[in-house]
Amino acid sequence: MSRLLGVLLTVSVLASPVSSQDSLIARLRRQADSLLSAWRDAQKLAAVADSLEQVRATAGSDTIAVGGLRIIANPSPLPLREAAERAWPVIDSLYGSAVEDLPRYPFIFRAVDPDSSVRRTVLHVGVELPWDLDVRASTNVLLTTVTAPHFDPALADWLGAALRPTLRPEDERAAVFVQLVTAPSEAVRGCFLGDIARCKDVLQLGDSTGLLARWYVTPAEREALVTGSFTDYFARGATAITLQNCRQHRDDACTALLQALPPGSLPRPLGPAARLVLVREALRAGGRDAYRRLVASPNTAIEARLSSAARMDIDSLVARWRNGVVAARPKPLTLPWWAGFAAIGWTAFFGFCALRSSRWRL
Amino acid sequence: MRAMFRAVLHSQWKWSRLIVVLGTVAAFAIPLLSLQGAARADRGALQAPELLRAVQSWGTLYPLLATALGLLMAIAAWAPDHRGRHIHALTLPLARWRYVLLRFGAGFVLLAAPIAGVLIGSSLAVLAATLPPGLQAYPIALAMRFAFAVSVAYAVFFAVSAGTARTAGIILAVIAALILVQVVASMANLNLDLFGAAQTALLLGPGPLAVFAGRWMLVDV
């Protein structure tokens, strides 16, 4: 009997934490459900507020429609229609068939007097523009504020910049050429010299393990990276001694410091322009539906998405990107053709002034 | 006329040979020094940014040297005449404009030495250095630019030196008037930027000092 009592007692003692744990989980679940419900309510309220704000911001405004662009703006001398007519072909050529979705994201502008200091009502929707902008500046505003349709976070993270149209793609390629030549990375230099595997590494395509060793190949590069970019970050606390060792050319210390960086904070050897040019190349190669294919499957690896957009294998696309960049070598900083004539002209002019000087020193 | 030019050239050489020799040595040395150390192949991928930084830093010396050479050569061309109150020039059986032209030409001939110094120094520096892939050397473009800058600087200072004290006074008065107008405009809160306009007119486009502006790069992408 006493043994039975003992067993019952033991079972009840062992079961009590389980039941209390069970109740804790239930309580947490209820709290989570409550939070979710509050978040949904807040979302609905925010949507209503946005909608009301949009109505307030667009009251008394005109709508300009050019192609798939919809511009809602108050009456003003801003040359928005002309700007839209210039911007539309550039936008259309980048997003291709996906521009069908652009009318869902209208531009909302409020043209304001640039010289007035009168307080205006604060709007939380749209952009204020001084009404004295010319067509070129207005076109740039449209191109730099257009919403890329279905642009997913994975693509945005990899790209490191917004995918927007540009009026001067050759400048972007020239900037990438300068990066390929001057970036302090042997891998980038290998890419410049034609090693496509290196190009894929520095563009962060494919395998993402061991990036430190693949991006910054030599000990000197790793030391320069630590001492150039992370001295303040590592100078305090437990890493201070390792930093000193790194400064004394100990590669193990430099490597350890760089490996201790939070995920995603190792500086990429190439800036966002390089990846932007690659995406533009893929979209150009893939035709009108290329953008739609690029954004069709956000959970797929970036190289597969680019490959699908361009309708070619990733190695061919990267080789095409590299050739395009190498061909876009910027013009050297020599004098323009007229500068020599101008210098000769000014020399002759001042010489003539000297010839006209008086023989009599009065 | 040729004999006369030779005589003027000889006298001008005597007065300015120190400037010419030192200027030529400096013009020869700057390109060599700008690539010294930075153009080492053992720096790997770090070589290119270091090299460009060094070349850009040393590049600021070319316009300074061009200005200094133009100024000193112009002063040296006229200093003995100023000291002798131009009596020698008045005694010559020669029109004033011909005399000035001879002095002007002789100065240019002497300035050819520093220009050649830049060209030879740049070419040697580039031949001795190992440039990283993607970078290119521009010794001829740099020497041409230096030649234009020296010419403009020399012509400007030569014209000022050849003028009378009255001319110099007028030039100074115009500059002082510009400064005064700008100060008064600032005090009156007027939107007038004379200095900015002057800078644009002198340094941009086909302005007289445009050849001095910008980066002077012996090596670039």
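# Briefing: a two-chain predicted model

The buried residues of helix 12 of chain A are covered by elements including helix 8 (211-215), helix 9 (219-229), helix 10 (231-234) and helix 11 of chain A. Helices (H or I, at least four residues) and strands (E, at least two) are DSSP runs, numbered from the N terminus. A residue is buried if 20 or more other C-beta atoms lie within 10 Å of its own, exposed if 12 or fewer, and partly exposed in between, with C-beta atoms placed from the backbone. Two residues are in contact if their C-beta atoms, placed in that way, lie within 7 Å. This is a predicted model, in which local features need pLDDT of at least 70 and side-chain atom pairs count only at pLDDT 80 or more, whereas totals for chains, interfaces and linings use all residues. Residues are numbered from 1 along each chain as its sequence is written, while chains are lettered from A and ligands numbered from 1 in the order in which they are written.

**Chain A: overall form**

- Chain A contains 17 helices and four strands.
- The radius of gyration of chain A, 31 Å, is well over the 21 Å that the globule rule gives for 362 residues, so the chain is more spread out than a compact globule; the radius is taken over C-alpha atoms, and the rule is 2.2 Å times the number of residues to the power 0.38.
- Along the principal axes, the C-alpha atoms of chain A fill a box of roughly 140 × 65 × 55 Å.
- Buried residues account for 29% of the 362 residues of chain A.
- Of the contacts in chain A between residues at least 6 apart in sequence, 63% join residues at least 24 apart.

- Helix 12 of chain A has Ala253(A), Cys254(A), Leu257(A) and Leu258(A) as its buried residues.
- Seen down the helix axis, these residues fall within an arc of 130 degrees, so they line one face of helix 12 of chain A; the arc is that of the directions from the helix axis to the C-beta atoms.
- Asp252(A) and Gln259(A) are exposed on the other side of helix 12 of chain A.
- His249(A), in the loop between helix 11 (240-247) and helix 12 (251-259) of chain A, is a residue other than glycine with a positive phi, near 65 degrees.
- His249(A) counts as exposed because it has 11 C-beta neighbours inside 10 Å.
- Arg311(A), in the loop between helix 15 (302-310) and helix 16 (314-327) of chain A, is likewise a residue other than glycine with a positive phi, near 55 degrees.
- Arg311(A) counts as partly exposed because it has 14 C-beta neighbours inside 10 Å.

**Chain B**

- Chain B comprises eight helices and two strands, in the order α-α-α-α-α-β-α-α-α-β from the N terminus on.
- The C-alpha trace of chain B spans about 65 × 60 × 25 Å along its principal axes.
- In chain B, 40% of the 221 residues are buried.
- Helix 1 (residues 2-35) of chain B spans only 42 Å between its end C-alpha atoms, whereas a straight helix of 34 residues would span 50 Å at 1.5 Å a residue; the expected span is 1.5 Å times one less than the number of residues.
- At Ser16(B), helix 1 of chain B bends by about 70 degrees, the bend being the angle between axes fitted to the seven residues ending there and the seven starting there.

**Contact between the chains**

- Chain B contributes 40 residues to the contact, and chain A contributes 39 residues.
- On the side of chain B that touches chain A, the elements giving two or more residues are helix 2 (47-59), helix 5 (96-128) and helix 6 (139-162) of chain B.
- Helix 6 of chain B provides the largest share of that side, ten residues.
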